[in-house]
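Welcome, and please take a look at the chain below. We will go through its fold, its ligand shell and a couple of places in more detail.

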Amino acid sequence: MNAAPLKNETAPKRDRKSTFPIQKPLPPKPPTRRANAAFVMLVRNSDSQGARSTIRQIEDRFNRNFQYPYVFLNDVPFTEEFKELIRPMSKANMTYGLVPTEHWSYPKWISTTKAKEAREAMVGVAYGRSESYRHMCRYQSGFFFQHEAMLPFDYYWRIEPDVEYSCDLDFDPFLYMQDNNKKYAFTMSLPEYMETIPSLWNVTRNFMDMYPHFLAKNNALDFISDDGGKSYNTCHFWSNFEIADARWMRDEAYQQYFSHLDQAGGFFYERWGDAPVHSIAAALLLPIDQIHFFKEIGYFHAPFHNCPAEPELQVKCHCDPNRNINMSPSAEDNQQARDQAVIHRLYYDIIHIPFQDKYEETWDEALFWVAIDDFKTKAA
Ligand SMILES: Nc1nc2c(ncn2[C@@H]2O[C@H](COP(=O)(O)OP(=O)(O)O)[C@@H](O)[C@H]2O)c(=O)[nH]1
Ligand SMILES: [Mg+2]
């Protein structure tokens, strides 16, 4: 039996004016200037698929126009299979670095027995019983930017396997950092589990007493403490995304802070994360205007999103601003989401950037579509 001939239907013409502006792929646009910068990913061989997914998005959303190199770091040698899977994901230069053993092992002043007991006692806490997670957090806190593969670079952008980059970036965040003298940039801010850092603030206060000259004059103490420094409110920048000036971290003040923490042993006797460590350091050692929030970088690391709600940014994204952890207190109907929005708000307050009106309000879908209509009219 013959198949019925296909009907020659003409596709309905799109009415350009009444259509939501369609997201176009980034046009090829060779940059005229580049920073001395690289992406860095600490990754296991077994996470090659998650790494491919992240790189693919970084390329599509940004790097295919810029060709910033990638540095991959691992505590065991990368397999040929890993490299073969990663290589086709970008034309940019790629370096595979092995973490030196002394950066991923116990320093001599740490009692491995006491560390083991601490791990075994940490029940019901995320990664509380994991030894490798502790080495990872210490490495990310104090060493990755010192790896020989990282030393040629001034700026790094930390990426992880299995994250999502959901917005086109038609600017260069590295150059933004360089041109505006920013040293540390984030996309999300959260509270930390206090069980993982019971003594971190005391050790930090001790550092502040010993090295007052390292504290920046116009610092962001108020971001991390609600009582002028007596206690830590656990606010931190989520360091799985980070763009930072590695020279700042290689410098004396940061190095002294890390070494002070390392001597105290909390990476092993507790479970100090690199996120609170980097954040406290940024808040105390940098003037506040050197810390930057990249609101236009749509980003997802399970289970949280940063997703810009402004219509002019939203059209470049595929994320749902209704799920934006930073901005929408009512987005998730739970206390944690509200706390996180408050923390982010705090960041705006301390750097004296007026919080935009739309964020003063509870998220409202109807209002969002009014804003989109407004944008459509302007863009028509
Ligand atoms: N090579 C290596 N990378 C690790 C290890 N543990 C964690 N990582 C990397 O360290 C980063 C943070 O780890 P992740 O499991 O995502 O921790 P989470 O984001 O806190 O849940 C990611 O880039 C991981 O790929 C490890 O044992 N070896
Ligand atoms: Mg992660």
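Helices here are DSSP runs of H or I with at least four residues, numbered from the N terminus. By that rule, proline 173 has its place in helix H5, which covers residues 173-179. Do keep in mind that this is a predicted model.

Let us stay with proline 173 for a moment. Is it buried or exposed? A residue counts as buried if 20 or more other C-beta atoms lie within 10 Å of its own, and proline 173 has 22 such neighbours inside 10 Å, so it is buried. Setting aside neighbours within four places in sequence, proline 173 is in contact with Ile243, Phe294 and Ile297. Alanine 185 is twelve residues away in sequence, and the C-alpha atoms of proline 173 and alanine 185 are 9.4 Å apart.

Stepping back to the whole chain, there are 15 helices and twelve strands. Of the 380 residues, 36% are buried. Among contacts between residues at least 6 apart in sequence, 80% join residues at least 24 apart.

Now for the sheet. Seven strands make an open sheet with mixed pairing, in the order S3-S2-S1-S4-S9-S6-S10. Strands S3 and S10 stand at the edges with a single partner strand each, so one side of each has no neighbour in the sheet. From one strand to the next, the twist averages 20 degrees. S1 and S4 run parallel and are joined by four bridges; alanine 38, for instance, has tyrosine 156 in S4 as its bridge partner.

| S1 | 37-42 |
| S4 | 155-158 |

What surrounds ligand 1? The shell consists of Met41, Leu42, Val43, Arg44, Asp47, Asn74, Asp75, Ser132, Met136, Glu160, Pro161 and Asn240. Strand S1 and helix H4 (131-142) are the elements that give two or more residues to this shell.

The buried residues of H4 are Arg134, Met136, Cys137, Arg138, Tyr139, Gln140, Ser141 and Gly142. They pack against S1 and against helices H9 (252-264), H10 (266-269) and H11 (274-285).

Technical notes: Residues are numbered from 1 along each chain as its sequence is written. Chains are lettered from A and ligands numbered from 1 in the order in which they are written. This is a predicted model: local features need pLDDT of at least 70, side-chain atom pairs count only at pLDDT 80 or more; totals for chains, interfaces and linings use all residues. A residue is near a molecule or strand if its C-beta atom, placed from the backbone, lies within 6 Å of it. Two strands pair if DSSP finds at least two bridges between them. Axes are lines fitted to C-alpha atoms, for helices over the stretch in contact, and angles run from 0 to 180 degrees between N-to-C directions. A residue is buried if 20 or more other C-beta atoms lie within 10 Å of its own, exposed if 12 or fewer, and partly exposed in between; C-beta atoms are placed from the backbone. Two residues are in contact if their C-beta atoms, placed from the backbone, lie within 7 Å.
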